[in-house]
Each structure stands twice: as C-alpha cells, then as structure tokens.
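Have the viewer open as you read.

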Amino acid sequence: MFRRIKNRFLRYFVIFIYFIIIFFCAIEINFLWLFGYSPSIQDIKNPEMSVSSEVYYSDGKLIGRYSKENRTPVEFKSISPNLVNALVATEDVRFYQHNGVDFYSFFSSMLSTAKGDKRGGSTITQQLAKNLFETRKRKSQGYIKHVPIIRTVVSKVKEWFTAFQIERVYSKNDILTLYFNTVPFGNNTFGIKAASLKYFDKTPDKISQSQAAMLIGMLKATSTYNPIKNPDKSTVRRNTVLGQMEKYNYITKAEFAADTAQALDLDLSYVEDESQGDSYIRRAVEKWLDKWCKKNHYDLYSDGLKIYTTIDSRLQQYAEEAVAEKMKMLQKRFYNLWGNKVPWRDLDGNIITDFVLKNEQRLPIYKLLDRKYHGDSTLIKPYFEKKKQMKVFSWNGERDTTFSTIDSIKYYAKLLNTGMMTLEPSTGKIKVWVGGIDHRYFNYDHVNQSKRQAGSTFKPFAYVTALDNGFTPCDKFTDKPVSINFVDNGKPDVWAPQNADFHFTYQEMSLRWAMGKSVNSITAQVTEKVGWDKVVDYAHKCGIESHLKSVPSVSLGTNDVSVYEMVRAYSTFLNKGNRVDPILVTKITDQDNDVIAEFTSKSEKVLSEETAWLMLYMFRGGMEEPGGTSQALWEYPGLWKKESNQIGGKTGTSSKYVDGWYMGITKDLVTGVWVGDDDRSVHFTNSETGEGSHTALPIFARFMEKVYADPKSGYTYGPFPKPWVKITKEYDCPSPRLADTTAVDSLDDFIDTAKAVKPATEEVNPENKPPGQNK
C-alpha cells in the first residue's frame, strides 16, 4: 500500500502517521487490555470526584469513611479573578487560545528540558484530566505499566485525548471551575475553598493578588511550598507567581513591588469540621494500611474500599464508656487538687514561668509571626492575647466560650488524657483502641503515637528474665536497701532505689510476692542478678520495640514505651510464650464485596510454655499476695460474680506521679491503660491521687465489669488456663499474711497464715487448649 508513494521521505512520513493513528486507536479502545482505562465522553459529562472507602467494626457496623469530599465546590462567580489570573499566568498562559493541548508549549518544554531547564508543558485542561480521571493511577494502567518509557508516553497520550474531549464538552470558565474544585493543596485539602479558608480564613472571592499567588504557587509541590512548614520557600514561590502575573500584564510593576514586599500573612484561625466519622480507630487503620496501600497502589480516599477491622463494637463501646466515666472523675479530682494554683511545675515543684511561651512557640503561626515582626515579642504578643469565639472540650459537653490563644493553652494544659488498648492474644486481634478522650480535640493517639515511662508495669520483664534463667517464683530475696554500681556513658555511677512508700521491711519475700506487691528493692536485686542487659533483651523479645537504655533502673520503667508495645509484650505470657504481631484489619473488599486482601496475625516462639505460665501465676500475685497492688479490683463487684474468676495485672506509676498505668490480664484478653497529662510537667502530687491503682486501674475495672455483664460480648468469667506443660519449678509457696498491709515496719506485723492463702492445686490442661477458646 505504501509502495505507491514514490517519494521515500513522504512514504516514511505516511507510515509514521499511520502507526501513530493505530497506536492512538489501540490506546483509546484498550487493545488486549494493554493500556488500561480511558474516560469515555459519558464519564467526562458526569465526572465522579472520588469514591470514599468505608471502615467497619468486626461485626459489620460502620466506623467511618475515608473521603476527599469534605471539599465544598464553588461556582465560577465565587472565584476571585486574582486566582484565575495567577493560575493562567503560571500554569497555562495560552489557556484561552488552545483546544486542550498546547503543542507549542509542549515542544518548547521538551527543548528547555533538553537544555537543562526542566519545566512542564501540560495545560490546565490536561492537569484537570489527570486530577479528575487519575489518568496515571492504577486503574488507568494496563499491562504496559511495566514498561517505563512506554508507560509515560501512554499516560501523556491519554491526557491529550481526555483534554480534547473536556474542551468539547465544557466552556473555558467551566474548566477553570472544575480545576479549582478538584486540585489538591496537600494534607487532605482539596479545592480552592478549603485551601482559602485553611490558610487565610477567607472565601475564594475575597482572596487578594498576593494570597492568590501563594495558593497557586503551592500547586507545583504542595509539601515543598507549604506556607506553614516552609514559609521561606513558599514566599519565594509566591514571588515567582507574582512575577509571571506582572510579565503577562495581570498586575502592574508597582503592584508587583508592593505584593512581593508583603509577608505571607496567614490566618490559621479557621477550624474545619473534618470528622466524617473520624476517630482514633479510623486514623489507626489508615496508618496500619499505609504500606499496603503504597505497595498495591490503592488510595483509601478515592478507591471505594471496604475495610473490616478486628475492633469489637461492643467492647469498644464499653471501653469508651469506662474512659468517659472514670476520666471525668479523675479530672474533677485533678481540679480539686490544684484549685487556682498553677500545675505546671519543674522537678523541684517550682512554677515553670515560660510554660505558656514555649507552648506558643510550638504553634505553626508563631514561626510566621516571628518572621513577620522580626522577633519583636511586643508585636507578637497581641495575637496570642486577642480574644475570639471558640468551642472547647469539656466533660459536660462541647463548650462555647471566648478565649485568647493563651487562655486556650492554659485550659488544655490542665486536661488529663488516656490511652487504652485490648488484645486477644490467641488470635492477635486488637479488640479495643481508645487513643484519647476525644478525637475532635485531641488528635494525638495515646495508644501508639505517645510513649511514656512505664513505671512498675515494666518490672515483669525483670522477673521473666529471672524465671527463664534458673529462678523460681518461690526464690526469696530480702526487702532492704540496695546500691548497684554501674557505668553510664563511660562514667561510674551508683543506683540506690527507694521503695514507693520510702520504707524497707527487711522481710524475706518470694519473687511472686515481691512482684505482686511491687517492691522496688527486690526488683533491683533481681535485675542485678540477671543483668540489666538481659532484661532489655527479654523486653525486646516479648514485644517492646522502643529503644531501651540499658541501666539498672530499666526494670523500674524509666524508659518511654507505648501502650501498644506493652499490651503486645504482656500478650506473650497469655499466648504460651508466642510473641504475636497484632492485627487491626482482617480483610479488604471492593465495592462488589470481592475480597482484595486478607490479613492474619503472625507469631514467634520467644518463651517456653512453662515460663509463660509461671508469669501468669506471678501476675495473679497482684490480687492474691499480701499488699498486692491490684487488690483495688476487689472494689468492683461486677468482676467477682463468679468465685472462679481470676484476673492478673500490674500497676505502674512513674516518678512524681506523671504517668499512671495498669496492665490487666484475664483468661482471654490483655488490656493496657495509661493516664496522664500530655505535658509531663502537669501531674498529680501524691500517691492517693496519682498512682496507677487510682488512675488507670479503675478504667480497666469498669471496662471489664461491662464486658462480663454482657452475655453477648463473648467473654466470660473464668480461671486462668491450667499449665500447658508439666511445671518443673517450685511455685506453690504461700506468703504470710500481714496484719496491716498499709504500713509494714517490723517483723511483728506478720502472721503465718499460709494455709489460709494456699492456692488451688494447678493441673496440666489435658486438652492443651489455648486461652481464648473457653470464653
């Protein structure tokens, strides 16, 4: 056919054009599924912004959605001409002359790139095609996506086709309106209205030239030119956009000079309601799936996934109710303790005079004001002193008030917070996740983001190290002063811990008794015997991932760890010595309920079954041993409606009562609770108000009362599992009962009533059932 063309060059040119046409047609019809989806004319006439993903409890109840549709579309008449001019001058100066694709700009950009000056050649219409129809995303790619250069060419051709069709369907003003309503500004901010309100607290029709230039400048790289994180780069980019506007006569030279001299002048006072069913769980799931989404090219905010979590809706409700009930009481206790006194104090009890200033300096706006006023605090201060209407959290419901930023800092600094997680070790499923007291006001997740000193809840890692290295629960140590010499960063040091009550009884105690009563002096001796390096190794082996400084005090919980880590590590004991990798999601389906992915927990054997069971026996000591720190649980009758029920656990309190912990274990579940203030300088002042047994333990107790009271919860009263293997170490060594467990100063206070507290004989579980099968 082509041989009829005598001119060789013309023939080659016609052949080239012929194959280009075939190539374009193949892309358009997605020949052999090589090229992927291309939007049809019907798609272009009725575009879908995105399809939100939904996240569910394990029983199918909806938790919330991941959606970009918190944007509010605006009409063209509501968009300032300054925004339109800035966009056209910067992104597509020939916008009103081309029909979707500007080949002049395309080839000139290729030439510039070849010379080393890389710049884009996409028109506004092409960018709209990419934003609106995601022409470079997973669903738009066929098998050709595995061929790098061809993949890029195909994506570009699709953008051309789509841009031409968009121009056929919509007017130029309609295209600009669609563009402004769909363009992303980073940090889940979509559309010009959301961006205008976020950065300037203005609607798009009131945006000035300088403000328009900053917003349009962000589009090149929303993270790099984010005015909050990178104000210097944002200013430079804004001035570049203003230069383009001046170059193409949208502004005068005088206006250019005046606008470039201005500071960014952000107004971050606008607070958007972004809840969409938002919660700590929803955010935790998003973080948990982050790697999976990137690896498999899914977008939670637009791909319409259905995500089924491990969270039990009943247990989650009971946990949130227990938190609300007990935290409200704790907050009242905290207010009564401090009254009108300032609670932010240093270690010596002195008021921290620059507390409020340091909190101001942590706010994003401070850096901008500091730059604007060249560090002049007299000019910065009025911004933080200005009163304005706002809504604040309170335990009596959301409160409307008039606060300055300083008032707000002081108010929120006095509010206690919490983190709580429950895990079913036999399956690795997370059943409860309470990241704080209210996600609307406290986004920081206290389950896995926050890390705090664990206090005495860390002691079990010293005792498991001992039990796994030759010691038994019946081995005895004396409660007496102890000094341990060690080297810290190359310098010799001495550690001499006190007991919590600053008294030593000089009484011999079994390891079980010492752990149950949380005796610091004996924990220190055990740590010295086994070695603090080994305690660190066992903590990591059980599931602690945070860095642990290897010093003698490690066993008293001087390192920062998360609730998530502690629950995971304690679960190793109830799971026969198998460390579990907790899961938060069981499966993901598409809109048609076809399963895309399923998740199961992985586990690794890290302790022998004998050691794991002995640790469960040790944890029961908190309830059964004289002076056991878990005995406040007896005050909750709903836990003991069946005499056979057993609960183990460990309280924890960090220095100065900054952090209160409780780790609770039942036959099926492990729960961790932390209570404290987000600022460590704000805390209770005495053991009666601030110990973990008075702050975190009541939340666990009330939660389990609610769980046990509900026959449909699936979790019932019952004893701990019987030994999974034959126990070769001595463990049945009842302790003497104290005549008065509140203060022990001499041996005269002891009465030998061993027979009265002798535990029931433990037998090997003949069926060797894991905990969790007999709920």
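What follows walks through a sheet, one of its strands, and a pair of helices.

## The sheet

First things first: this is a predicted model. The sheet to find is an open one, built from five strands in the order S7-S6-S20-S19-S18, with antiparallel pairing. Strands in a sheet pair through backbone hydrogen bonds, either parallel or antiparallel. At the edges sit strand S7 (429-434) and strand S18 (648-653); each has a single partner strand, so one side of each is left without a neighbour in the sheet. On average, and ignoring direction, neighbouring strands here are turned by 10° against each other.

Helix H14 (residues 313-338) packs on this sheet, where it touches strand S6 (416-424), S7 and S20. Its direction makes about 35° with that of S7.

## How S20 and S19 pair

Strand S19 covers residues 659-665 and strand S20 covers residues 670-677; the two run antiparallel and are joined by seven bridges.

## S6 and its neighbours

S6 has a partner on either hand in the strand order, S7 and S20. With S20, S6 pairs in the antiparallel sense over eight bridges, and Gly419 has Trp674 in S20 as its bridge partner. With S7, S6 also runs antiparallel, this time joined by five bridges.

S6 and S7 make a hairpin, with four residues between the two strands. Look at Gly428 in that turn: its phi is positive, at about 80°.

So is S6 buried or exposed? It's mostly covered, with nine of its nine residues buried. Both faces are covered: Leu416, Thr418, Met420, Thr422 and Glu424 lie on one side, Asn417, Gly419, Met421 and Leu423 on the other, and all are buried.

## A helix pair: H10 and H11

Now over to helix H10 (residues 231-247) and helix H11 (residues 253-261). Their axes come within 10 Å and cross at roughly 175°. That angle makes H10 roughly antiparallel to H11.

Which residues in H10 and H11 meet? From H10 it's Arg238, Asn239, Leu242, Gly243 and Glu246; from H11 it's Lys253, Phe256, Asp259 and Thr260. By type, the residues of this contact divide into two nonpolar, three polar and four charged.

Methods. Residues numbered from 1 in each chain as written. Predicted model: local features only at pLDDT ≥ 70, side-chain atom pairs only at ≥ 80, totals over all residues. Heavy atoms only, no water. Pairing = 2+ DSSP bridges. Axes fitted to C-alpha atoms, helices over the stretch in contact; angles between N-to-C directions. Contact = heavy atoms within 4.5 Å. Parallel < 35°, antiparallel > 145°, perpendicular 65-115°, else oblique. Nonpolar A, V, L, I, M, F, W, Y, C, P; charged D, E, K, R; others polar. Buried < 20%, exposed > 50% of the residue type's maximum accessible area, 1.4 Å probe, protein only.
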